[in-house]
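This report covers strand pairing and helix packing. The sequence and structure come first.

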There are 2 protein chains.
Amino acid sequence: MSLNEIVMGIDVGGTFTKFGFIDRDGACLADSSIPTHAEKPAEDLFERLFKQSNLIFQKISDKHKLVGIGIGAPNANYYKGTVELPPNLNWGVVDIVALVKKRYNIPVAITNDANAAAIGEMKFGAAKGMKDFIVITLGTGLGSGIVANGNLIYGADGFAGEIGHTIYDPNGRQCGCGRKGCLETYASASGIKRTVFELLCNSTEESILRKINFTDLDAKMISDAANAGDKIALEAFDFTAKVLGLKLADSVAHLSPQAIILFGGLAAAGKLLFEPFKKYFEESLLPIFRNKVQILPSGLKSGNSAVLGAAALIWNELDKK
Amino acid sequence: MSLNEIVMGIDVGGTFTKFGFIDRDGACLADSSIPTHAEKPAEDLFERLFKQSNLIFQKISDKHKLVGIGIGAPNANYYKGTVELPPNLNWGVVDIVALVKKRYNIPVAITNDANAAAIGEMKFGAAKGMKDFIVITLGTGLGSGIVANGNLIYGADGFAGEIGHTIYDPNGRQCGCGRKGCLETYASASGIKRTVFELLCNSTEESILRKINFTDLDAKMISDAANAGDKIALEAFDFTAKVLGLKLADSVAHLSPQAIILFGGLAAAGKLLFEPFKKYFEESLLPIFRNKVQILPSGLKSGNSAVLGAAALIWNELDKK
C-alpha cells in the first residue's frame, strides 16, 4: 500500500508552540502543542517539539509519509531561513531551517505568521483560486501577508508585508518600532484599547469601561461593551474601522487586490468591525476600485489556522517543484 | 540572410504620439512622432500612425522583421487590451489591441505609461537584473509601476500601481479623482506649484515667484528659482520631498523593494529633489528597511523613455513564450 504524503506545520508563539500533521487537502490528522519557554534558545524548543511530534507521528506512520515541514514564527526570514531578534523570544539570530534539517532531511521553509496565514488562505481558506489578495491579522499588532500574481510578496530582503507599520499620523501614537503613528497603534487589539482610553479622556460619556484599568482591558471586553450598547466602545470600533479603512485604501491603490481578508482576535468582533470598516473603506477608495474588493473573514478553522498556514507554506513549495 | 527581430513601441500622449522601432537590446533603429488629435477617435490616430510608421519601416525592412507592438497609453488596461475613458483623449472605451491586430497580426500589448516605464527600466534601464522595485513618474500627476518577484503588478483588475492616489491628508488638497489629499496633489509638477502658492500665502518671505501667476508657473521656473537661492522655491522642494518620503516609506512597508526609481519632469530637478527626499525617506522608514533601498534616477535615455518602455512591454511578453 502506498503511503499518503503529509507535512508538519509548526506555529511558534510567545507562550505556546502548536504543531500538526496536515495532508494536501488541508485536513489535520493529528496535532498538539507544547510550551515555548521563550527564555530558552531555539534548540531547546525544537528538541522538545520533535520528541513530542515523533510520538504523535508513530500513531499515523503506518499510512503516512512526512514530506516537508513548514514553520510560522515571529521575525522569520523566508529567504535566509532565519528568525532574527524576535521581540518575545530570547533567540537572537538563529538559522531555523538548518536546525530543523539536521534532524529531518526533507524540504523545510519558514516565514512569519501573517505570510503563513496568507498562503493558508490561498491553499485552504477564503482565498482559494485568487491570485491577488491581502491578509490582515489583527492581533496584539497588525500583521499582513500580500499575494500578487499568485505569489507571496517577500520583497528584496524577505521583510515585505509590513502594512501594520505604514503611517497613519506622523505625529501620532508611539509605536514599538520607534516611530510614531503606525497603523498598528490604532488598528489592533492594543490599538483599540488605546482608542478607548483616548475617548474616555476626551468625552464625558458614561461607560462601563471607566471601571477597567488599562492593563486589564482587552479587546473582548470592548466588543462585549459595544454589543451591550456602550457608546464609548462603539465609537472605539468606529474609529478603528475608519483608520483601517483609510490605510487599506492605500494598499488597494498599490495592489488592486480581489479581496482583503481580516483575521485574528480583533476580527472576531465580527460586524462591530466589519460593518463600519466596509463603509469607511469604500469611501476612502479611489473611485475605480470601489465595489470591487471583497472584504472577507478567514476561511481557516479558528484555533488551527496558524498551523494550517505553516503547513500551506511548505505544500506551496512542494507544489512548485 | 536572416532578419533581425524588432518591435514597435508607441507612446500615446495628449498632444503628440511617439513611436520607434526597438531591437532586443533596447537600441532604437528609427523613430518619429505625429500629433495625437485628442478630439478624434482612436482609429484616426492609429490610421495616421501606421501610414507614417510604414514609410519609416520600409527604410529598414531589408534587415529587420517586425515581431510585436507595445503601447503605452493613459487609462490602459493590460488584461483587456483597452483604453477606458482617458481624461485627455476623446476616445471613450476602445479595444486598442483588437484595433491594432486588424492591421498587424502579431503580438500586441498595452499598459499605462508608468507601468511601461517600469518594464523599460527592468529591461533596458536602471532596474536591470532587479526583481523588486518601484518606478515613480513625477509629471503633471504622479504615476507608478510596481515590480515584485520579477513581475509587474497589475492586480485583480489591471489597475494596480496607483501610488499617486494614496492619501497624504484626508482633509487636504482637492484631487482630480474627486477625493482630497492624494499624494499627487503634493508630489508632482502641479503639486509643487500648489505648494509654492501655499508658501507665498503663509509666509512673508520675498521671492521672485511672487511675480508669476498660477497659470504661468511651472516646475522648471521653481527649480530655476531654487537654484538661484530663492527660499520659497527651496522650501517648496523640501516640503514636496517630505511628503513623498513619508508616503513612499509606506510603499516600502508593503513591498520592500530593492530600489525606487524617480522619473519624469519633476525628477529632472535632480539634487534639489533627491537630496531632501533621501533624508525624509530614510527618516520615515521602518528601521529594518533603512539604508537598504536604492534611490535612482531613470536609466533610460530621456526623450525616448516612453517609447522604450512600450517596446520593453512587448519584448517582455515575447520573452515569456
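In strand 7 of chain B, B:D95 is the bridge partner of B:T82. Helix 2 (residues 96-103) of chain B packs on the sheet and touches strand 6 and strand 7 of chain B, where contact means C-beta atoms, placed from the backbone, within 7 Å. The direction of helix 2 of chain B makes about 40 degrees with that of strand 7 of chain B; axes are lines fitted to C-alpha atoms, for helices over the stretch in contact, and angles run from 0 to 180 degrees between N-to-C directions.

The model is predicted: local features need pLDDT of at least 70, side-chain atom pairs count only at pLDDT 80 or more, and totals for chains, interfaces and linings use all residues. Residues are numbered from 1 along each chain as its sequence is written, and chains are lettered from A and ligands numbered from 1 in the order in which they are written.

Helices (H or I, at least four residues) and strands (E, at least two) are DSSP runs, numbered from the N terminus. Strands pair if DSSP finds at least two bridges between them.

| Strand pair | Sense | Bridges |
|---|---|---|
| Strand 1 (residues 4-12) and strand 4 (residues 64-72), chain A | parallel | eight |
| Strand 4 and strand 8 (residues 108-111), chain A | parallel | four |
| Strand 6 (residues 82-84) and strand 7, chain B | antiparallel | three |

In chain A, A:M8 stands opposite A:I69 in strand 4, and A:G70 has A:A109 in strand 8 as its bridge partner.

Helix 6 (residues 231-255) and helix 7 (residues 271-284) of chain A pack at about 40 degrees, with axes 7 Å apart.

Note on methods:
Contact = placed C-beta atoms within 7 Å.
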